[in-house]
Amino acid sequence: MKKIKIILQKNNKNASFIFYNEDHTIGNLIRYIANKDPNIIYFGYNIPHPSEKMMNLKITTKKNHEQINSLILSFKICLELMILFVNLLFRNLENNFRFST
């Protein structure tokens with residue numbers, strides 16, 4: 001089964017993506033990060049119906065043909081933030097365990 005479908009618009013500044021087997025968890029996270037990108041004019045997502053395992057995502061960028069790069073950059077930033085969070089969490093747990101023994 002496909003994981004993603006990309007639909008580029010004629011004006012070259014808009015693109016739509018359909019992610020299969022995804023939901024609000026990744027949709028809200030990526031939307032939050034992507035909307036901080038100054039190259040992105042609009043970034044939104046929706047879940048058509050709770051019983052459908054798909055997420056529609058739309059991006060409008062200032063520059064032509066930058067939607068895929070902007071999406072990849074947003075996912076990369078999300079991944080870096082998750083890695084940072086997990087590292088801090090484990091350091092905190094490690095320090096607490098060290099002091100309690």
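Tyr20 has Met54 as its bridge partner in E4, and Phe19 pairs up with Met55 in that strand. Strands here (E, at least two residues) and helices (H or I, at least four) are DSSP runs, numbered from the N terminus. This is a predicted model, where local features need pLDDT of at least 70 and side-chain atom pairs count only at pLDDT 80 or more, while totals for chains, interfaces and linings use all residues. Residues are numbered from 1 along each chain as its sequence is written, and side-chain values use heavy atoms, with hydrogens and water left out.

**The sheet**

- Four strands make up an open sheet in the order E1-E2-E4-E3, with antiparallel pairing; two strands count as paired if DSSP finds at least two bridges between them.
- E1 (4-8) and E3 sit at the edges with a single partner strand each, so one side of each has no neighbour in the sheet.
- From one strand to the next, the twist averages 15°.
- E2 (residues 14-20) and E4 (residues 54-61) run antiparallel and are joined by seven bridges.
- E3 and E4 also run antiparallel, with six bridges joining them.
- Within E4, Thr60 is the residue standing opposite Tyr42.

- Six of the eight residues of E4 are buried, so the strand is largely enclosed by the rest of the structure. Buried means under 20% relative accessible area, exposed means over 50%, and partly exposed is in between (1.4 Å probe, protein chains only).
- Helix H1 (residues 24-34) lies across E3 and E4, and runs at about 170° to E3. For that angle, axes are lines fitted to C-alpha atoms, for helices over the stretch in contact, and angles run from 0 to 180 degrees between N-to-C directions.

**Ile40 in E3**

- Ile40 belongs to strand E3 (residues 40-46), and counts as buried because its relative accessibility is 8%.
- Setting aside neighbours within four places in sequence, Ile40 is in contact (heavy atoms within 4.5 Å) with Ala34, Thr60, Thr61, Ser70 and Ser74.
- Lys3 is 37 residues from Ile40 along the chain, and their C-alpha atoms are separated by 23 Å.

**Ser74 in H2**

- Over in helix H2 (residues 67-100) we find Ser74, which counts as buried because its relative accessibility is 2%.
- With neighbours within four places in sequence left aside, Ser74 is in contact with Ile30, Ile33, Ala34 and Ile40.
- Ala34 turns up among the contacts of Ser74 and also among those of Ile40.
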